[in-house]
Amino acid sequence: MADVDSWLAALEARHLANLTRPELTRALRALSSCYVERRDRLAQGGALEGAGKRAAFALFYAPLHFLTVSHIVDALNAGRRPVQQILDLGCGTGAAGVAWATSMDATPAVIGIDRSAWAVDEANWTYRHFGMRGRASTGDLTRAPIRADARTGMLLAYAVNELPPERRAVLLERLVQRVRGGAALLVVEPIARRTADWWDEWRAALAREGARGDDWRFAADLPPLLRSIVRGAGLDPRELTARTIAKL
Ligand SMILES: C[S@@+](CC[C@H](N)C(=O)[O-])C[C@H]1O[C@@H](n2cnc3c(N)ncnc32)[C@H](O)[C@@H]1O
């Protein structure tokens, strides 16, 4: 079982060293606005520009993704579909990949890809912290080769919505091919207020390959660090929510 408390303590020491709490709060508001209102900036990588927003991502969003994906893989019983490697496409700081990997008795290697060099460094730090085998490297997930067979789990956590529509369509086709070849797949996204046409298309296309689609709501029992960060920013999530497409 992953040692989440020691990870959170290490994240706090790593990212709050050069940032005051008010600076973190301001950065978290700016990052949240990027995800919710100013989504046009996401395709250019605007979310992870600047030390404040990076710290806010690493300290708040990444652990939130870790907790949410941990609940999801539990609920899906994903540990019963073992794989030898997880290909984490758009790995960010590595949180979601580690959450899936640590749900299995024999922990698979994690191979991360992200276009942000900062995120890749953080992911490699996360893998070391959890004692994972594997590595993250920089690349465009829509263009990188996807080497995935029946021993591979492909993960796209909170990443597909950041892609330009034309690249998303190409990616879907490639994922369908890999699923047909026996690879496992888990796509995780926030439950959007506005309907996203691409989600329905992805869900239908992957359902034809035997994938299931789910909406999730889990009680948000946040660890003290995350609780204090959200309260400072005037947020108070009662629930962790997400939707998934999964072929395990
Ligand atoms: C919201 S973050 C999610 C990160 C991680 N999967 C998680 O669950 O915490 C989205 C990530 O996708 C990455 N990303 C977006 N478009 C990408 C692309 N075309 N190629 C590689 N990475 C991309 C961003 O740099 C960012 O790290």
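The legends below describe several close-up views of one predicted model. Residues are numbered from 1 along each chain as its sequence is written. Because the model is predicted, local features need pLDDT of at least 70 and side-chain atom pairs count only at pLDDT 80 or more, while totals for chains, interfaces and linings use all residues.

View 1. Helices (H or I, at least four residues) and strands (E, at least two) are DSSP runs, numbered from the N terminus. Along the principal axes, the C-alpha atoms fill a box of roughly 50 × 40 × 35 Å. A residue is called buried if 20 or more other C-beta atoms, placed from the backbone, lie within 10 Å of its own, exposed if 12 or fewer do, and partly exposed in between; 40% of the 248 residues count as buried.

**View 2. Strand β4 and the strands that pair with it.** Two strands pair if DSSP finds at least two bridges between them. Strand β4 (152–157) pairs with β1 in the parallel sense over 4 bridges, and Q85 stands opposite T152 in β4. With strand β5 (residues 184–189), β4 also runs parallel, joined by 5 bridges, and here L155 stands opposite L186 in β5. In a regular strand the side chains alternate between the two faces of the sheet. In β4, T152, M154 and L156 point one way and G153, L155 and A157 the other way, and all are buried. Because 6 of the 6 residues of β4 are buried, the strand is largely enclosed by the rest of the structure.

**View 3. The largest nonpolar core, with 70 residues.** A nonpolar core is a set of buried Ala, Val, Leu, Ile, Met, Phe, Trp, Tyr and Cys residues joined through C-beta atoms within 7 Å. W100, M154, L155 and L185 touch the most other members, and α3 gives the most to this core, with 14 residues. Two residues are in contact if their C-beta atoms, placed from the backbone, lie within 7 Å. Not counting residues up to four places away in sequence, L185 touches M154, L175, V179, A211, A246 and K247.

**View 4. H15 in helix α1 (residues 4–15).** H15 is buried, with 20 other C-beta atoms within 10 Å. Leaving aside neighbours within four places in sequence, H15 is in contact with A55, A58 and L59.

View 5. Most residues other than glycine have a negative phi. With 10 C-beta neighbours inside 10 Å, N77 counts as exposed. Y158 is buried, with 22 other C-beta atoms within 10 Å.
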